[in-house]
Amino acid sequence: MNRIYYSLVALMVSALSTVAQNPAQKTAVDTPFAEFSNILTNNCEVKVGEVSFNMVCVQGGTFIMGKTIDQMYRSSSDEEPAHRVAVSSFLIGQTEVTQKLWQAVMGNNPAHFKNPEAPVENVTWEECQEFIQKLNAATGITFRLPTEAEWEYAARGGCLSGQWMHAGSDNPEDVAWYGSNTESTHPVAQKKKNDIGLFDMSGNVAEWCADWYGDYTLGFQTNPHGPQTGVERCVRGGSWTGTSNGARVAYRSSLAPAERDNATGLRLAANITQAMIAETKANPRFEGRHFAAFDAAPISTERFKINEVKFNMVGVQGGAFFMGATLEQTQYGDVDEQPCHNVAVSSFRISDTEVTQALWKAVMGENNNPSRFKGDELPVENVTWEDCQKFIKKLNTITGKQFRLPTEAEWEYAARGGNRSMAYAFPGSDECNEVAWNAHNAKSTKPVATLKPNELGLYDMGGNVAEWCEDWYFAYSFIHQTNPQGPGIGSNKVLRGSFWEDGQRYCHISYRYSAKPTFKSQNIGFRLAL
């Protein structure tokens, strides 16, 4: 089994200052998120007189707000500390409010750069409230300004985020009208849209948010609304006068509610209603994504029984994520976990536990148990990758299903908690011993599902036994990938997760290593995918 012990470059070490410099403090403030909605509804078109505009559904989820690894080398102090936020599903304008929409509602056009298709600007926060009040009366819909957390979550691409520096790209020229490529505003939706179909979140005009401007705090937050009082309101997104730095998704600025300038406008938000949910159920339709086509539909958990042995295949809803040594992984990460790269994974099922010896015997025969540490509820170990394929072939014959090993990307996405990820260092916690059997708390394998599960209800992904994946081992690249399966050939197969005999640093989520498909060890087992 090949191990890699090299340290990350010094740049990565500097990332730890906001998240990992005080692990004890971080753990002390960690509490579960309050309930939040992640229902997905159709986008909708709204019409005011002859003017129509689109509202995009942003599916709720969790994210790290502020100074994340994709923002860090250009970040400002007010983007610290990076902190975990859950946002309920909501609607947000596909574009900034245009001058023609403002004119249709207010009967005037305060913009400095006159063009009905360009965003309205030169409006105060207070005037935005008046506009929204009149729009609500005209449409019967309760519009509002987005919260700062909603704005950043949407700019990042929600649960389908490609982890871009700007809203939809690492190159501001792709997505933003800003100081280097324009001397005025432009008609909306002329640049590339972001992962969930939103335009101009990194430029054209900056956008008022609902919140008072204030300092970030460490700790979990659910649907935060900022401080209760303040002097200035939050403004987010770059503008035609700004720099590429100001076009980053984490960049923050502010203005007094009565201030106005020709670089600040607004984007609408709205809550999801029961009528929208009912219409979606009757006629579901969803927009395409920037990745190649992948299935992001919710998927149910499926339960199986083989000769009285039960096991569960947990549904993991598809989404996009940043794979590799992300910010919370860097204090443990190795060089083969770099570079971080954008990956989209279709919905799939994965077993909630490692394959047990009971299940192995139910499929392979009562007298066939290769494990060193015997026990029906212990994970099977001492199996090669090729042994796993023989087991899966027999299991598929019994069930008529298409079980397999998870790909490396599926494994990491599931270990992170899918689109409910709380960005833990280990699968389900920042405290290794809560979720992983390792050299500090075990002297052999342990019964599965006896420690805390991760956000998806998956057990032991950080310890007990290492787990074979389907892929040949290979070096990461920066290239966007959809449902990657590794190279077509190789010498070693990927192993993920650590094991009972290993140190805690190897239990972190992004850790990866490999072995020949004929290799077996008391430390290696596997988990099923479907």
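**Backbone details in the loops**

I start with P339, which sits in the loop between β15 (319–323) and β16 (341–345). The helices (H or I, at least four residues) and strands (E, at least two) I name are DSSP runs, numbered from the N terminus. This is a predicted model, where local features need pLDDT of at least 70, side-chain atom pairs count only at pLDDT 80 or more, and totals for chains, interfaces and linings use all residues. Residues are numbered from 1 along each chain as its sequence is written, and side-chain values use heavy atoms, with hydrogens and water left out.

What is the peptide bond from Q338 to P339, cis or trans? That bond is cis, and its omega is near -5 degrees.

Next, E80 and P81 are joined by a cis peptide bond, with omega about -5 degrees. You will find P81 in the loop between β3 (61–65) and β4 (83–87).

Now to positive phi. A189 is not a glycine, yet its phi is positive, about 65 degrees. A189 belongs to the loop between α7 (172–175) and β7 (206–212).

N464 is not a glycine either, and its phi is positive at about 75 degrees. Its loop runs between α12 (432–435) and β18 (466–472).

Are these two residues buried or exposed? Buried means under 20% relative accessible area, exposed over 50%, and partly exposed in between, using a 1.4 Å probe and protein chains only. A189 has 32% relative accessibility, so it counts as partly exposed. N464 has 0%, so N464 counts as buried.
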